[in-house]
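Subject: Structure for you to look at, with notes

Dear colleague,

Please read them with the model open beside you.

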Amino acid sequence: MMGCISLSLAQETQVSIATTPPGKVGDFLISFTQRSPLSSGEEMRKRYGWTLSKDQESGIRYSIAKESFSAYVPTPYNGELPYGLIVWVDAGDSGNPPLEWHPILDRYRLIWIGALNSGNERNSLTRYGLAIDAVENMKKLYLLEPKRIYISGISG
């Protein structure tokens, strides 16, 4: 469901979506200025058939500009070949990939992104929204293979 936004929509957007320039490689922190339309409470309710209380609904209201993400883009990335994307949802507050994973991410052309401060203590709906926002925004910055977009994590 998250691969439904077309890249042409991203190309029409004239506003800055990130604090980091498109195509940056290596380990870095990134913040975004635009939420995905798919991360809104209304859209999640509709897509998943949920009934949300006022408290649950408030968990989906957050400012994406106040959030930070840890990213790793393999150094060989140059925008010519599409890469996969791993969106990490950590049980703690780190979004970083283990250093031991860098060679694997490089070998299999996988970009990594994980929200910081998005551990088990945070509202689950916010965590879902941040993962969706990460996909939406990374699609605007990098050439990604839609069938190789994964969301994973540990525990919560």
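A charge is said here to sit over a ring if NZ of Lys or CZ of Arg is within 6 Å of the ring centre and within 35 degrees of the ring normal. By that rule the charged end of Arg-109 sits over the ring of Tyr-83, 5.7 Å from its centre, and Arg-35 lies over the face of Tyr-62, at 3.8 Å from the ring centre.

Before going further, please keep in mind that this is a predicted model, in which local features need pLDDT of at least 70 and side-chain atom pairs count only at pLDDT 80 or more, while totals for chains, interfaces and linings use all residues. Residues are numbered from 1 along each chain as its sequence is written, and side-chain values use heavy atoms, with hydrogens and water left out.

The overall picture

The secondary structure of the protein chain comes to 5 helices and 5 strands, where helices (H or I, at least four residues) and strands (E, at least two) are DSSP runs, numbered from the N terminus. Read from the N terminus on, the elements follow the order α-β-α-α-β-β-α-β-α-β. Of the 156 residues of the protein chain, 46% count as buried; buried means under 20% relative accessible area, exposed over 50%, and partly exposed in between, with a 1.4 Å probe and protein chains only. The protein chain exposes about 8400 Å², of which carbon and sulfur atoms supply 53%; accessible areas come from the Shrake-Rupley method with a 1.4 Å probe, and for residues only the protein chains shown count as cover. Taking contact to mean heavy atoms within 4.5 Å, 78% of the contacts in the protein chain between residues at least 6 apart in sequence join residues at least 24 apart.

Aromatic pairs

A search of the whole structure finds 6 aromatic pairs. Rings of Phe, Tyr and Trp (its six-membered ring) pair if their centres lie within 6.5 Å, and planes under 30 degrees apart count as stacked, over 60 as edge-to-face and the rest as tilted. One of these pairs is Phe-32 with Phe-69, whose ring centres are 5.2 Å apart and whose planes stand at 55°, so the pair is tilted. This pair links distant parts of the chain, since Phe-32 is in the loop between β1 (26-30) and α2 (41-48) and Phe-69 is in strand β2 (residues 69-73), 37 residues apart. Phe-32 counts as buried at 1% relative accessibility, and Phe-69 is buried with a relative accessible area of 1%.

The rings of Tyr-77 and Tyr-142 also have their centres 5.2 Å apart, but with their planes at 70°, so this pair is edge-to-face. Here too distant parts of the chain are linked, with Tyr-77 in the loop between β2 and β3 (83-89) and Tyr-142 in the loop between α5 (124-141) and β5 (144-153), 65 residues apart. Tyr-77 is buried at 8% relative accessibility, as is Tyr-142 at 4%, and Tyr-77, Tyr-83 and Tyr-142 form one aromatic cluster.

Helix α5

This helix has 18 residues and reaches 26 Å from its first C-alpha to its last, close to the 26 Å expected at 1.5 Å a residue, the expected span being 1.5 Å times one less than its number of residues. Because 15 of the 18 residues of α5 are buried, the helix is largely enclosed by the rest of the structure.

Individual residues

Most residues other than glycine have a negative phi. Arg-109, however, has a positive phi, near 50°; this residue is in the loop between α4 (102-107) and β4 (110-115) and counts as partly exposed at 28% relative accessibility. Asn-117 likewise has a positive phi, near 55°, and lies in the loop between β4 and α5, where it is partly exposed with a relative accessible area of 48%.

Thr-33 is found in the loop between β1 and α2 and is partly exposed at 43%; its C-alpha atom is separated by 4.9 Å from that of Ala-65, 32 residues apart along the chain. His-102, in helix α4, is buried with a relative accessible area of 12% and, leaving aside its neighbours within four places in sequence, is in contact with Asp-27, Tyr-72 and Pro-97.

With best wishes
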